[in-house]
Amino acid sequence: MSETIYRRMSDLPSTHLLGGGTAMCAGCGGLQALHQIYDVLGTKTVFVNAAGCMTLLSVYPFTPFRGSWLYTAMASAPAGAQGVRDALDILCDKGRLPRDEDLQVVTLTGDGAAYGMGLSATSGAIDRNLDFLYICYDNEGYGNTGQQSSPATPHGAHTATATGPAGHSGFKKDLFGIWVANRPAYVATVIGTEPLDLARKIEKAAKLSGPRLILALAPCPTGWDFDPQQAAEIGRLAVRTGIFPLKEYLDGRVVHTKVKRPRTPVEEYLRAQGRFQHLFEPERRQDVLDAIQARVDAYWEHWDPSH
Amino acid sequence: MYRIRFHGRGGQGMKTASRILGSAFFAEGFEVQDAPSYGAERRGAPIFATVRAAHAPILERGPMPQPGLVIVADETLLPMAAGGGVLSGMGERAVLLLHSAVDANTWKQRLQLACRVLTLPLRLEETGGRGFVGALCAGAAARLVGIVSREALEGAIRQELAAMPAQVLAANLTQAGEAYDAMKKHAGCVCEAPEAPAPGAVDANWIDLPFEAAELSAPDIHGALTSIQVRTGLWRTLRPVIDPERCSRCHWLCGSLCPDAAISPEAEGLPVIDYEHCKGCLVCVAVCPRHAIESIPEAQAREQEASP
């Protein structure tokens with residue numbers, strides 16, 4: 001067991017580093033996770049941000065960060081991170097930047113970039129063993145342009161490009177598994193509604209070097225169609241139903257950090273969101289609901305077979 | 001040309017309203033242009049959308065400085081200057097339609113407007129509590145311009161809400177129809193205005209920028225935390241208020257789960273909400289285990305602040 005300074009909820013940061021006044025939606029689950037992550041990472045960070053909702057965090061002359069931020073095209077944030085990392089290394093080598101003032105290079109992208117457009121650049125960065133921390137805020141669609149389907153969109157969800165009676169026909173890509181297959185330094189899933197679990201994982205990730213992924217599920221009032229006030233309940237249901245497993249990969253092993261027994265039926269999570277309403281009304285799509293539940297059950301049967 | 005501007009908050013359906021009205025105009029044989037403002041269309045943020053309709057090709061582009069009809073879905077937007085101001089460019093012949101529980105005469109006096117002011121009664125229960133009033137506002141607008149038939153309006157709603165479940169579509173058709181009927185007395189009060197002549201062509205006052213070295217043209221700018229100058233507290237329609245009696249001084253639930261990091265404890269440990277930046281999502285109200293945070297309408301909170 002590695003030491004953590006986050007033993008209980010009261011150890012969590014009480015004052016916050018990320019500034020208010022950003023253009024994220026009211027109730028944004030991505031911003032909820034990001035501000036918690038930033039509190040743990042601290043100010044010695046430089047963010048490399050691919051196009052997406054969070055592009056609008058820093059719109060000149062406004063920024064919520066206390067340090068630097070670089071904007072890249074959607075597919076190339078890991079390449080941008082490579083450039084920043086190289087520049088920092090050169091500055092350190094030349095003695096122009098004291099080693100103790102070196103910065104953590106953080107890539108910040110949505111799921112569109114992380115699961116889809118930017119996956120090639122990510123793959124290259126892992127090949128080169130780039131020392132960077134990749135944060136993906138996953139709201140399961142291209143949210144900034146009106147929630148079109150992305151490779152992270154779950155089966156059955158209604159999106160701007162999946163409007164049929166059964167919703168999105170594809171299945172959410174396993175980005176965690178893709179990263180793990182490459183044996184990087186660290187991979188973890190987090191959610192803003194589990195702040196203690198999140199803080200411990202970020203603390204761990206920050207101490208490591210090499211490619212690291214933090215995959216944050218980001219309940220999205222706008223794209224998932226729910227009242228912003230429900231954001232926390234939906235995040236908690238994502239964990240309680242087991243549809244979003246909280247886990248980490250370290251030293252060749254995957255460990256689940258929260259295992260709910262018994263799990264809440266996934267229907268409760270789906271029913272709370274407008275993007276799944278067509279599975280309940282006008283008539284109940286038991287076939288689709290069963291297919292979604294079966295995938296969740298099969299996942300846990302594999303990882304937690306005794307329950 | 002008819003010029004209509006819809007103002008509301010992200011999520012209320014003003015973009016959809018503009019599309020419904022645009023499609024209805026189109027069905028009546030008009031050339032149409034409808035577009036939402038781009039860039040800040042965020043849940044709760046002030047947004048606007050415009051519709052232009054004419055029998056000749058429309059050459060105007062961009063924002064709408066002189067609307068014939070302005071529809072405001074949320075009265076709390078009226079005092080705000082954001083987005084060029086809800087009331088900007090309203091001449092004497094313009095019509096203002098407010099979705100409000102307060103009557104039109106009171107608004108006319110409050111706002112000191114020379115133009116015609118109408119209200120569309122606020123009935124939240126009809127919107128399913130979600131505040132979607134796009135079809136309602138489009139229905140009222142369709143009647144006010146006077147030349148959009150009920151059939152064209154309904155056809156446009158069916159077209160624009162085709163992806164919605166049948167009962168949502170039905171509810172929106174009903175709402176739009178009621179708004180259409182409610183505006184009967186004022187049918188046709190919105191006037192067409194001629195295509196604005198291009199302002200006298202004036203040579204652009206170009207400023208020559210000489211080539212500069214990189215350190216001059218791309219200077220290092222160290223401006224941390226400047227976003228706090230943006231007052232996103234203006235997005236709020238409901239205000240979370242912490243009851244210090246009930247609060248257990250655990251800051252980590254409301255403080256950690258507030259998406260905007262707008263809650264931090266003061267010296268005594270009592271969490272304090274930064275109302276300059278709180279967007280009113282009310283996640284804190286939902287997660288407080290002691291139920292120590294309640295929400296009150298923003299307008300009521302401001303009135304309480306104003307009276308000592």
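Modeller: Residues are numbered from 1 along each chain as its sequence is written, and chains are lettered from A, ligands numbered from 1, in the order in which they are written. Because the model is predicted, local features need pLDDT of at least 70 and side-chain atom pairs count only at pLDDT 80 or more, while totals for chains, interfaces and linings use all residues.

Biologist: How many helices and strands does the secondary structure of chain A come to?

Modeller: Helices (H or I, at least four residues) and strands (E, at least two) are DSSP runs, numbered from the N terminus. On that basis, the secondary structure of chain A comes to ten helices and eight strands.

Biologist: What radius of gyration does chain A have, beside that of a compact globule?

Modeller: The radius of gyration is taken over C-alpha atoms, and the globule rule is 2.2 Å times the number of residues to the power 0.38. The C-alpha atoms of chain A fill a box of roughly 65 × 45 × 40 Å along the principal axes. For 307 residues the rule gives a value near 19 Å, and chain A agrees with it, having 19 Å.

Biologist: What percentage of the residues of chain A count as buried?

Modeller: A residue is buried if 20 or more other C-beta atoms lie within 10 Å of its own, exposed if 12 or fewer, and partly exposed in between, with C-beta atoms placed from the backbone. Of the 307 residues of chain A, the buried part is 53%.

Biologist: At what angle do α4(B) and α5(B) pack, and is their arrangement parallel or antiparallel?

Modeller: Axes are lines fitted to C-alpha atoms, for helices over the stretch in contact, and angles run from 0 to 180 degrees between N-to-C directions. Helix α4 (residues 150–160) of chain B packs on α5(B) at about 150°, with the axes 10 Å apart. Angles under 35 degrees count as roughly parallel, over 145 as roughly antiparallel, 65 to 115 as roughly perpendicular and the rest as oblique. Therefore α4(B) is roughly antiparallel to α5(B).

Biologist: Which residues of α5(B) make the contact with α4(B)?

Modeller: By class, this contact has six nonpolar, one polar and three charged residues. From α4(B) come Arg150(B), Leu153(B), Glu154(B), Ile157(B) and Arg158(B). From α5(B) come Leu169(B), Asn172(B), Leu173(B), Ala176(B) and Tyr180(B).

Biologist: How far apart are the axes of α2(A) and α4(A)?

Modeller: Helix α2 (residues 77–93) of chain A packs against helix α4 (residues 119–127) of chain A at an angle of about 35°. The residues of their contact divide into six nonpolar, three polar and no charged. The two axes are separated by 7 Å.

Biologist: Is Asp251(A) buried or exposed?

Modeller: Phi of Asp251(A) is positive, near 50°, in a residue other than glycine. Asp251(A) is placed in the loop between β7 (246–250) and β8 of chain A. With 8 other C-beta atoms within 10 Å, Asp251(A) is exposed.

Biologist: Is Leu69(B) buried or exposed?

Modeller: Leu69(B) is in strand β4 (residues 69–72) of chain B. Among the residues that Leu69(B) touches are Ile4(B), Ala94(B), Leu144(B) and Val190(B). Since 26 C-beta neighbours lie inside 10 Å, Leu69(B) counts as buried.

Definitions and conventions
Nonpolar A, V, L, I, M, F, W, Y, C, P; charged D, E, K, R; others polar. Contact = placed C-beta atoms within 7 Å. Lists of a residue's contacts leave out its neighbours within four places in sequence.
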